Amino acid sequence: MGRGIRYRSRDYCWFAFHFSLLLFFGNHASAELRYSIPEELKEGTLVGNVAKDLGLDKTSLIDRRFRVVSGSKDAFFEVNPENGALQILRKIDREELCHGRGVCLMELKILVENPLEMHHIVVEITDVNDHSPSFSEKEQQLQIAEHASPGTRFQLHAARDPDAGINSIRTYTLTTNDHFEIDVSQSDEDKMPFLVLKKSLDREHKSKHLLFVTAVDGGKPQRSGTLNVSIIVLDSNDNRPIFSQDTYQIEIYENVPVGTTVTRVNATDPDEGANGEIEYSLSKSLARKFYDVFEIDSLSGQIKLKGVVDFEETEIYKLDVEAFDKGTPPLTGGCRVIVKIKDVNDNPPEIEVTSLSNTVSEDSKPGTVISLISVTDKDSGLNGKIIARITNDVPFELKPSYKENIYSVVTKGYLDREGVSNYEIKIQATDCGDPPLSTFKTLNIQISDVNDNGPHFDKNPLQFYLVENNVAGVSVISVSATDNDVNENAVISYHVVRGGSGSDVTSFLNINSENGQITALKSFDFETLKTFRFQVAATDSGTPPLSSNVTVNVFILDQNDNAPVILYPVSSNGSAEGVEEIPRNVNAGHLVTKVRAYDADIGYNGWLLFSLQEVSDHSLFGLDRYTGQIRTLRSFTETDEAEHKLLILVKDNGNVSLSATATVIVKVVEPKEAFAASDVKSAAKEDEGNDVTFYLMITLGSVSVLFLISIIVLIAMQCSKTTDYTSKYLQEPNYDGTLCHSIQYRSGDKRYMLVGPRMSIGSTIAPGSHANTLVLPDRRRASGEVSL
């Protein structure tokens, strides 16, 4: 609509062409519905039931968003979504809408969704006789010489009637008189009235005549308009100006600048003097807009462009030009100037988004329709021929519809929200003019998520180190997984995969399903359990949910929570006390006895040191701090006492040392007494030795079993890992005097050892919170450097 719809003869050709296409492709395209209504109908008047005529189910119209879509801001029609009726939205004035006498057609687009369909409806607006003929001026004055011959014709102002067809002007009538009659000639689509002199005038008899010309249309009832014609009878000027052509035809482009000379008309008059001097003017019967566009030089006859011409508004102008001489009375002549406007490419294409789905699921199949667009161009011919395309690299394409300049935007590939979450589809519409004009439109499309990514852990398996004697009920470790999806599809819950055995350690673990914090429900003891593994499952909240598992390896780290245990002297009544008898004649360095002790901890926590806390004579006895051996420092003299008490302190090397004490009483006897006493004690010591040996065997057996279990577990763990991450357990010999143990193992490029009371030669203490772990030099390396 906009500036108006113009219909020409070629419109009928285009309509017939499209109609033939619809007949040919009838199986693939929807047929156009056609309705005809008169103008000036009231709002709400029923045009027709579109849903019924299209065969649509009336009960689904609301759900399918049954509606009229149009690029015009002024909508004249609407559809009732409840019953499918097409109704008038506001009153239609055919003369204002179409500006002509041809067929007035309005094309509507009816859109329904789910599935997406578009139907085209043509509504013809028929004319009603709602305008009366009217003259541009109420009065016209003619000066006629008295010697004018009968049959002389004088052009009168033509009346205008906006109505079309039978409702336009049909005839002109003249009031009854003796000298004049009316004659009507057809000029193009217009009827031009002429006043014909049928009887000579006599100025002396009557110098002025008053007549009434009435224009009558063909409507029912008829409407009319009246022009007052006053005739002044003058003395004669017997030759009127005559134009060189009755009709001038000119073509100009619509972009010619204002002030350009369109053409020049020329008229001649054989009279002499003032009767032959000619002036030109545009006919007063022209529409007012013509005077805004054109002007004529009254002396030269040059017609110039006064305003801007627009092909899209008016394609042709018909100007009536008059030439009159300066005689008394003046005589006039007329001609018609037809100016045809040629189109230039001055209008870019317009892109209208008829329907758009802003959100597209990432699992949409190729070919899914996401939008319907239509392109238009106000220019004609090649200037109005449009080529549309998508300019950027996106997984979408334009598919043309059965109807020209209608396109569907469809997916041409599979979408992945995790790769690209939104697209800007840039659509370019270019006409075929010279130079071509283009218009761009951007569609913003969001890709919605589907649950196509499961949770994943950065590492598998995971390793954690947990210090023994942890507080039950406190979080000890944490696992975390990520999910590339969003919203509910990325909400992860965790749970521990429980084992089937009754002694499964997972029964003592609890996990926070929201954040993966794992809580130990009991305190772990390194001496009982050194390592364990379990699995955690991470599951998202999508439909269907996806999950993945991770293996968690937990290593228990030792704490100094076990005090040394005295194995010899044997404890009785809560204290370790023994009596040793030695001959007085022993030399310096004689082994008196050996204090034996054991610590259940390992490494520094189980490394025992011996010291003398109390001794009667510091010059007589010495204690090896590592082995616990008590030896004489010198030979006995006669003055030395016969009994000595030694208090030995045994402590470990933990951060907070734990200790135990043992008392050894040394009795010095004469050699003969010592020999006799040795025979007596031999039997007792044999029994005592048997008991000590029994306890030692139990202790060593327990430690050996623990080591064997640890070795088996670690070997099994290493077998499940890659070759770069291996653990190898080696047994290190202990030093005499202390029951202790050490474990060596390898992890990647590093070699570790949990040490006993003494370290191996070449070992190096590794800094850290747990001083019982050493880093050993990697003997596999040729350079001999220490691995850190």
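**Local backbone features, cysteines and the nonpolar core**

Pro 221 is located in the loop that connects strand S15 (208-217) with strand S16 (224-234); helices (H or I, at least four residues) and strands (E, at least two) are DSSP runs numbered from the N terminus. The peptide bond joining Lys 220 to Pro 221 is cis, with omega about 0 degrees. The structure is a predicted model, in which local features need pLDDT of at least 70 and side-chain atom pairs count only at pLDDT 80 or more, whereas totals for chains, interfaces and linings use all residues. Residues are numbered from 1 along each chain as its sequence is written, and side-chain values use heavy atoms, with hydrogens and water left out.

A cis peptide bond is also present from Thr 543 to Pro 544, where omega is near -5 degrees. Pro 544 belongs to the loop between strand S39 (531-540) and strand S40 (547-557).

In Arg 65, a residue other than glycine, phi is near 55 degrees. Arg 65 occupies the loop between helix H2 (50-54) and strand S3 (67-69). With a relative accessible area of 46%, Arg 65 is partly exposed; buried denotes under 20% relative accessible area, exposed over 50%, and partly exposed in between (1.4 Å probe, protein chains only). Asn 114, likewise not a glycine, has phi near 55 degrees and lies in the loop between strand S6 (105-112) and strand S7 (117-126). Its relative accessible area of 61% classes Asn 114 as exposed.

For the chain, the secondary structure amounts to five helices and 56 strands. Of the 788 residues in the chain, 45% are buried. Among contacts (heavy atoms within 4.5 Å) between residues at least 6 apart in sequence, 66% join residues at least 24 apart.

Lys 403 is placed in the loop between strand S30 (396-400) and strand S31 (406-411). Lys 403 counts as buried because its relative accessibility is 15%. When residues up to four places away in sequence are not counted, Lys 403 touches Glu 32, Glu 107 and His 120. Lys 403 and His 120 are 283 residues apart along the chain, while their C-alpha atoms are separated by 9.6 Å.

One disulfide (a pair of cysteine sulfur atoms within 2.5 Å) is present in the structure. Cys 98 and Cys 104 form this disulfide, with their sulfur atoms 1.7 Å apart. The torsion about the S-S bond is about 55 degrees, so the disulfide of Cys 98 and Cys 104 is right-handed. Cys 98 and Cys 104 are both buried. Cys 335 is also buried, at 6% relative accessibility, whereas Cys 432 is partly exposed at 32%.

The largest nonpolar core contains 27 residues, among which Phe 243, Val 265, Phe 294, Ile 303, Val 321, Val 337 and Val 339 touch the most other members. Elements that each supply at least two residues of this core include helix H4 (288-293), strand S24 (316-325) and strand S25 (332-342). A nonpolar core is a set of buried Ala, Val, Leu, Ile, Met, Phe, Trp, Tyr and Cys residues joined through side-chain atoms within 4.5 Å. Residues up to four places away in sequence aside, the contacts of Val 321 include Phe 243, Val 265, Ile 303, Cys 335 and Val 337.
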